[in-house]
Amino acid sequence: MSQSVKSVVILGAGAWGTALAKLAAINGNQVHLWSRQGSQSLVSVLENAHIVLSAISMQGVRDVASVVQSSPVSPETIFVTATKGLEPKTTYTPSQIWQEIFPNHPVVVLSGPNLSQEIVRELPAATVVASKNINAAQSVQLVFSSSRFRVYTNPDPVGVELGGTLKNVIAIAAGVCDGLNLGTNAKAALVTRGLTEIVRIGKNLGAKTETFYGLSGLGDLLATCNSPLSRNYQLGYQLAHGKTLKEILASLPGTAEGVNTCRVLMEIAQQRSIAIPISEQVYQLLEGEVTPQQALDQLMLRDIKPEFDDFPKEQMW
Ligand SMILES: NC(=O)C1=CN([C@@H]2O[C@H](COP(=O)(O)OP(=O)(O)OC[C@H]3O[C@@H](n4cnc5c(N)ncnc54)[C@H](OP(=O)(O)O)[C@@H]3O)[C@@H](O)[C@H]2O)C=CC1
Ligand SMILES: O=C(CO)COP(=O)(O)O
């Protein structure tokens with residue numbers, strides 16, 4: 001894998017931004033890791049940037065993107081987003097925000113089963129870079145690919161981004177499931193039916209179904225629902241042990257995007273009449289409207305139904 005040295009700016013020096021900066025630096029790229037708390041001005045780091053990657057948590061994306069907009073950036077600059085969230089006011093994904101603010105620049109989504117603590121330890125991992133602009137996706141692929149980090153391209157940015165974003169809600173449910181000691185069968189059922197909900201929403205929002213069965217969908221769902229390293233999983237686990245959301249958020253290291261994502265997801269599902277029963281129970285749990293046990297009972301006692309929504313009747317038996 002040979003390529004010319006690129007100037008890469010990483011916005012956000014949190015857990016994920018720091019891990020991604022390390023990956024880009026391993027390949028000899030010139031990397032600037034920017035944080036609002038650091039001494040470097042955004043204007044100075046953006047000068048001559050080939051790639052600007054945002055690893056800002058969802059709540060700060062639009063503010064930071066607007067500041068970048070008021071700074072001089074090369075017309076060739078590729079924007080990459082690694083945030084997993086949805087904007088409450090617009091229900092936009094992060095890439096939709098970047099594309100709205102930079103309509104003439106390529107925007108690439110980077111998402112996959114990527115628990116940052118494992119990546120910092122240089123354990124092997126894989127991810128996906130997705131864009132409508134294949135050349136931009138390939139440039140980003142070269143910047144981050146190494147013997148420890150395998151990067152695939154994908155032409156479905158919305159699907160890749162929604163897989164990474166929506167699985168956080170199911171990861172909260174998975175943490176609850178493990179926290180209540182419900183067993184392996186329950187967990188398998190939860191994760192599989194959770195994927196069904198992600199596919200329903202994703203298809204409705206224009207994503208390709210097969211994307212959700214790849215690394216950024218099923219892959220990330222499996223990683224996040226099975227690892228105590230996941231903040232979203234941890235949050236669910238602690239809810240099951242009787243802690244309040246407020247108490248958990250006060251001690252959680254970093255951002256658990258699933259909390260805000262769940263609220264926006266409920267709005268999307270209601271507007272579009274999409275059934276997402278697991279996510280709905282996560283929502284009610286986060287709002288303090290049900291206990292973990294009540295959420296479980298509500299799911300188990302739903303009306304019985306066929307497994308798949310859209311099997312033609314003649315193919316069912
Ligand atoms: N950690 C992981 O394993 C992975 C995380 N992600 C996603 O990446 C995103 C970031 O996660 P992570 O790094 O773990 O989170 P952290 O909480 O560790 O870091 C969040 C970063 O966003 C910055 N930030 C937040 N709001 C603003 C703002 N208004 N202006 C400027 N900067 C802001 C924070 O700056 P400050 O420190 O100054 O508050 C910090 O640098 C999330 O969407 C997450 O879902 C994706 C894959 C893996
Ligand atoms: O997205 C992640 C792994 O791919 C990180 O998950 P958490 O945000 O739940 O820690």
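1. A word on terms before we start: Ala, Val, Leu, Ile, Met, Phe, Trp, Tyr, Cys and Pro count here as nonpolar, Asp, Glu, Lys and Arg as charged, and the others, Gly among them, as polar. With that in hand, the lining of the second largest pocket divides into 20 nonpolar, 2 polar and 7 charged residues. Please keep in mind throughout that this is a predicted model.

2. Let me stay with the second largest pocket for a moment. It holds about 750 Å³ of space. Its lining consists of 29 residues, and those closest to the centre are Leu-190, Arg-193, Ile-278, Leu-299 and Met-300. Helix 7, helix 8 (184–204), helix 13 (277–286) and helix 14 (292–300) are the elements that each supply two or more residues to this lining. Helix 8 gives the most, with 7 residues.

3. Now to the largest pocket, whose volume is about 1000 Å³. A total of 36 residues line the largest pocket, and Ala-15, Ala-55, Ser-57, Arg-231 and Thr-255 lie nearest its centre. Two or more lining residues come from each of helix 1 (15–26), helix 3 (58–69), helix 5 (116–120), helix 7 (157–179), helix 9 and helix 10. Helix 3 gives the most to this lining, with 4 residues. By class, the lining of the largest pocket has 11 nonpolar, 18 polar and 7 charged residues.

4. The polar contacts of ligand 1 are worth a look in your viewer. An oxygen atom of ligand 1 is 2.6 Å from an N or O atom in the side chain of Glu-257, and a polar side-chain atom of Arg-36 lies 2.8 Å from an oxygen atom of ligand 1. Ser-57 takes part through its backbone, with an N or O atom 3.1 Å from an oxygen atom of the ligand. On its own, ligand 1 has 890 Å² of accessible area, and the protein covers 85% of that.

5. The side chain of Lys-84 has an N or O atom 2.8 Å from an oxygen atom of ligand 2. Backbone N or O atoms contribute as well: one of Asn-114 lies 3.0 Å from an oxygen atom of ligand 2, and one of Gly-112 lies 3.1 Å from an oxygen atom of ligand 2. How much of ligand 2 does the protein bury? Ligand 2 exposes 300 Å² when taken alone, and the protein buries 91% of that.

Conventions:
Residues are numbered from 1 along each chain as its sequence is written. Chains are lettered from A and ligands numbered from 1 in the order in which they are written. This is a predicted model: local features need pLDDT of at least 70, side-chain atom pairs count only at pLDDT 80 or more; totals for chains, interfaces and linings use all residues. Side-chain values use heavy atoms; hydrogens and water are left out. A polar contact is a pair of N or O atoms within 3.5 Å; within protein, one must be able to donate a hydrogen and the other to accept it, and residues adjacent in sequence count only if both atoms are side-chain atoms. Accessible areas come from the Shrake-Rupley method with a 1.4 Å probe; for residues, only the protein chains shown count as cover. On a 1 Å grid over the protein atoms alone, a cavity is a set of points where a 1.4 Å probe fits but cannot get out, and a pocket is an open set with protein on both sides within 12 Å along at least five of seven lines; lining residues have an atom within 4 Å of a point. Grid points are joined across faces, edges and corners, and a volume is the space filled by probe spheres set on the points.
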